[in-house]
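Please look at the sequence and the model first, and then follow the charged pairs topic by topic.

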Amino acid sequence: MAKEPILSAKDVQIQFSLRGKKLMAIRKCSLDLYEGETLAIVGESGSGKSVFTKSFVGMLDANGSIVGGSIMYEGKDIAKYKTEKEWMTIRGRKIAMVMQDPMTSLNPLKKVGKQIQESIELHQGLKGEAAKKEALEMLRKVGIPNPEIRYNQYPHEFSGGMRQRVVIAIAVACRPQILICDEPTTALDVTIQAQILDLIHKLQDELKMTVIYITHDLGVVANVADRVAVMYAGQIVEYGTVNEIFYDAWHPYTWALLSALPQLGVKGEDLPTIEGTPPNLFNEIKGDAFAPRNKQALKIDFVQEPPFFDISETHKAKTWYLDPRAPKIEQPKSIRRLREKMRERG
């Protein structure tokens, strides 16, 4: 892993205006991204995963804006970008995004090949036949058979898995340095999911990309990620290598996510669930945002927000459990069971 990050987000705050109220969707979120790695950002719906990463490409909704912090990329603070002209120097060309629903990402009235070709013409500077040739090559790269025929077809003539391949082709046609994959396999069956993940991994190796996966599926994380960042209520609460998160997690929210893995189920026992609901981000949050859902919360969790504590050089967690003054709290049985199961499987 490179010593210097290629992208560094520090204390990013993102606010939305809704019906005259202010909602702080991202609350002082920090993240470093390193060249060639695969980083997975996990958390339940509404935790802020997509909003945070959309800020890297200037794709926040019109009522949203970055109101604090910085996002350093190639020596510039892109959090300060305001115009489409500024964002077009980054979006697609340097940092590209694959959305979770390919049908809403593609124009139903335009031939698939033309949509890939447009991306190539916009970002690579190729025109006409040269751009078409590159578009056909991208269709081949993403594993679509008969690209000459498929080039002239419309999105509705493709299956869900094929449409997702087209969306990936559009994203990687510009040879971006960073590829953000927002739940790229959500709407696909298990067999097609595996094919899409293999495809992204192959393209990552071939094009030397850094990949960010946004997902709530920890099974996907275990198979693809080098590092994992866990998000809750607009903040990253724990991050580390994939082994550190699966073997030695310390934030109670990470424990809750891992405990709910179906693979950890015991016959005859109910699968653990996370009780309660995430906090309302219209309101000011005091202390640890997860405390109201945590049966082992400490008194300080309701009063003061915890800082990050170092578990190793690469592993940090935002929980008072790791403060030397805190009472000793052991990891749940399910986490220890996960460690044993992972070791059994090698």
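In this predicted model, the side chains of Asp-32 and Lys-10 meet in a salt bridge at 3.7 Å, N to O, where a salt bridge is a side-chain nitrogen of Lys or Arg within 4 Å of a carboxyl oxygen of Asp or Glu. Because Asp-32 lies in strand E2 (residues 21-33) and Lys-10 in strand E1 (residues 7-18), the pair ties together parts that are 22 residues apart in sequence; strands here are DSSP runs labelled E, of at least two residues, and helices are runs labelled H or I, of at least four, numbered from the N terminus. The structure holds 15 salt bridges.

**How the model is read**
- Residues are numbered from 1 along each chain as its sequence is written, and side-chain values use heavy atoms, with hydrogens and water left out.
- Local features need pLDDT of at least 70 and side-chain atom pairs count only at pLDDT 80 or more, whereas totals for chains, interfaces and linings use all residues.

**Exposure of the paired residues**
- Lys-10 is partly exposed, with a relative accessible area of 39%, given that buried means under 20%, exposed over 50% and partly exposed in between (1.4 Å probe, protein chains only).
- Glu-118 and Lys-110 meet through their side chains in a salt bridge of 2.6 Å, N to O; Glu-118 is partly exposed at 38%, and Lys-110 is partly exposed at 29%.

**A pair within a loop**
- The side chains of Lys-295 and Glu-275 form a salt bridge of 3.5 Å, N to O.
- Both Lys-295 and Glu-275 lie in the loop between helix H11 (252-259) and strand E11 (309-310), so the pair ties together parts that are 20 residues apart in sequence.
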